Every structure is written in structure tokens, then in C-alpha cells.
Amino acid sequence: MKYPGKLITLEGLDGCGKSTQVALEAERLRHSGFPVTVTREPGGTAVGQQVRDIVLHAERDAVTPLAELALMFAARAEHIEQVILPALRAGELVLCDRFTDSSVAYQGYGRGIPWEVIGSLENLLCQGVRPDLTVILEIDPATGVIRTGHRNRAASESATRFEQEGIEFFDRVRQGYREIARREPDRVRLVNGQGSIAEVHERVQQVVDEFLKAAGKRAVSQFEQGADFP
Ligand code: TYD
């Protein structure tokens, strides 16, 4: 371990409810006394935000799969340097909405780029930063497509380049997430994302608490009070 903090990532298909769960979990952990940084990909830095605008809102065929992958990693390299590593070095829990597993699932399984290409970029650009825990919220691809449609209509927003993809694309992405979970069972947990926000949060909370306990992480305030892990 090169730093005292922990990187926890949330992953899943568009419309799986990740962002809501990241916000809820961050609030719960802060309330328990943990120092928490919340961030997301693509985004998280000024340039990351610009990359987000390109990959989400350019014309659908304007960005080739390899360019899309390179842009994701360009944003990630900067995100790691400017946001994630400083927080990990300061001993924080970093909750990140999407990370490298999104590149494997979307650009790898979704767009068909070989896993080794993505692995090479990760080795070159990520300074050894890998998630300590990854929670994948599993939903049926059809549910995701319906939810993003509702969300966009409610916000009068148009579908992103990814949301314009058909159900087959999201089926492949889901396959990718399952394969990631199969390959790395110690790091990655598949969590059922169907159900109410509270039900899903209960499941997420349980996985995060198990992880923190196993990692020997306690909230500073509780530690100082000598309390046992909740
Ligand atoms: P976003 O609006 O954040 O989706 P959500 O709220 O569902 O997470 O959009 C991020 C999109 O970018 C999403 O469709 C997945 C895609 N993406 C990749 O394809 N590769 C990546 O490496 C990352 C980080 C995201």
C-alpha cells in the first residue's frame, strides 16, 4: 500500500442509479466521521469536464472508439494526479463514480477494443492507482434504457452518445462488468441494483462496511473515542 486512503468506485450501466448511491454513501460515511472525497469520471477536473463534453455530446460517429478510449484515459491521468492521489495520500476515502472498469466495460466490451490495449494504457497512465473496492450495480439493460429516457425527458436533455446505443450495446457492457467481477472477486462486488433507492443503499452500505472492517478502517471520531467498528 502506497498511501493511507482507500479508493472505492461505483460502476454500472447508464441509469443504474450509481450517482444517487454515491451521494448517499458519501453522506453516510461523512456522518460516521470518515474524511471523504467524492468525484466522478469523466469529469473531476476542468479538462476532464471538457473531455466529458466531447465524449458524451459530440456527434455519435464523430469520435472513433480508440479516440474515445484515449480521451477517457487522458482525463483519468489528470484526475488521478490532481484529485485522487492527493486525497489518498491524505488518508481519505475516495468515492469515485466510474473509473477504469468503465473503460473495460464500455470501450472494451461495448466497442470491441481488446482488454490488453486498455491494460497497457492503465499501466502507462494510472500510476498504479487501482480501486480497493468496486461496487457494480447490476440492472437489466432494458431498465437502464427506460430510466435514462425518463431522466432526459424530465431534464429536457438529449441522450448522450452512449445512451443513443441500442440494447445490444448495453448487453455487451453488462457482460463486461460480469467478466470483471469474475476475474477479480476480491476487489469487485456485484450488487443488485433493482428495487427502491433505500433498498439498494442498504446493500451498498453492507458491502462498504464489510470492506472497511476488513481493511481495518475506522472513522477518526470513533477511533478517538475507542469505539468498536459499527
Ligand atoms: P454519465 O452521465 O456519468 O452516466 P451515468 O450517470 O450513468 O454514470 O456518463 C458517463 C458515460 O461515459 C457513461 O455512458 C459511460 C461512459 N464512460 C465510458 O464509456 N468509459 C469510461 O471510461 C468512463 C469513465 C465513462
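With which side chain does the side chain of D14 make a polar contact? In this predicted model, the partner is the side chain of Y106, at a distance of 2.6 Å. D14 itself sits in the loop between β1 and α1. Its relative accessible area is 14%, and because buried means under 20%, D14 is counted as buried. Leaving aside neighbours within four places in sequence, the residues in contact with D14 are R98, Y106, I139, G144, T148, E163 and F170.

One of these contacts, R98, is worth a visit of its own. R98 belongs to the loop between β3 (93-97) and α4. Its phi is near 75°, a positive value in a residue other than glycine. At 12% relative accessibility, R98 counts as buried.

Of the 16 residues around the ligand, D14, K18, R98, S103 and Q107 come nearest. Several polar atoms can be traced here. An oxygen atom of the ligand lies 2.5 Å from a polar side-chain atom of K18. For R76, an N or O atom in the side chain is 3.0 Å from an oxygen atom of the ligand. With Q107, the ligand contributes a nitrogen atom, which is 2.7 Å from an N or O atom in the side chain of that residue.

Helix α4 is the next stop. How many of the 11 residues of α4 are buried? The count is 10, so α4 is largely enclosed by the rest of the structure. The buried residues are T100, D101, S102, S103, V104, A105, Y106, Q107, G108 and G110. Y106, the polar partner of D14, is therefore among the buried residues of a helix that is largely enclosed. The cover over these buried residues includes β1 (6-12), α3, α5 (115-125), β4 (133-138) and α7 (167-183). Just after α4, G112 takes a positive phi of about 90°.

Two packed helices are described by the angle between their axes and the distance between the axes. Helix α3 (residues 65-89) packs against helix α4 (residues 100-110) at an angle of about 175°, and the axes are 11 Å apart. Because this angle is over 145 degrees, α3 is roughly antiparallel to α4. On the α3 side, the contact is made by P65, E68, L69, M72, F73 and R76, while α4 supplies T100, S103 and Q107. The residues of this contact divide into 4 nonpolar, 3 polar and 2 charged. R76, S103 and Q107 take part in this contact, and S103 and Q107 are also among the residues that come nearest to the ligand.

V55 is found in helix α2 (residues 46-57), and at 0% relative accessibility V55 counts as buried. Not counting residues up to four places away in sequence, V55 touches P42, E68, L71, M72, R161 and F162. E68 and M72 in that list also belong to the contact of α3 with α4. V55 and A159 are 104 residues apart in sequence, yet their C-alpha atoms are 12 Å apart in space. P42, another residue touched by V55, lies in the loop between β2 (36-40) and α2. A cis peptide bond joins E41 and P42, with omega at about -15°.

Q21 lies in helix α1 (residues 18-31) and counts as buried at 2% relative accessibility. Beyond the residues up to four places away in sequence, Q21 touches L10, L137, I197, V200, H201 and V204. R28 has its place in helix α1 as well, and with a relative accessible area of 18%, R28 is buried. Leaving aside neighbours within four places in sequence, R28 is in contact with H201, Q205, V208 and D209. R28 and Q205 are 177 residues apart along the chain, and their C-alpha atoms are separated by 8.7 Å.

Is S156 buried or exposed? At 68% relative accessibility, S156 counts as exposed. S156 lies in the loop between α6 (141-154) and α7, and its phi is near 50°, a positive value in a residue other than glycine.

Note on methods:
Residues numbered from 1 in each chain as written. Predicted model: local features only at pLDDT ≥ 70, side-chain atom pairs only at ≥ 80, totals over all residues. Heavy atoms only, no water. Helix = DSSP H or I, 4+ residues; strand = E, 2+ residues; numbered from the N terminus. Buried < 20%, exposed > 50% of the residue type's maximum accessible area, 1.4 Å probe, protein only. Contact = heavy atoms within 4.5 Å. Axes fitted to C-alpha atoms, helices over the stretch in contact; angles between N-to-C directions. Parallel < 35°, antiparallel > 145°, perpendicular 65-115°, else oblique. Nonpolar A, V, L, I, M, F, W, Y, C, P; charged D, E, K, R; others polar. Near = heavy atom within 4 Å. Polar contact = N/O pair within 3.5 Å; in protein donor to acceptor, adjacent residues only side chain to side chain.
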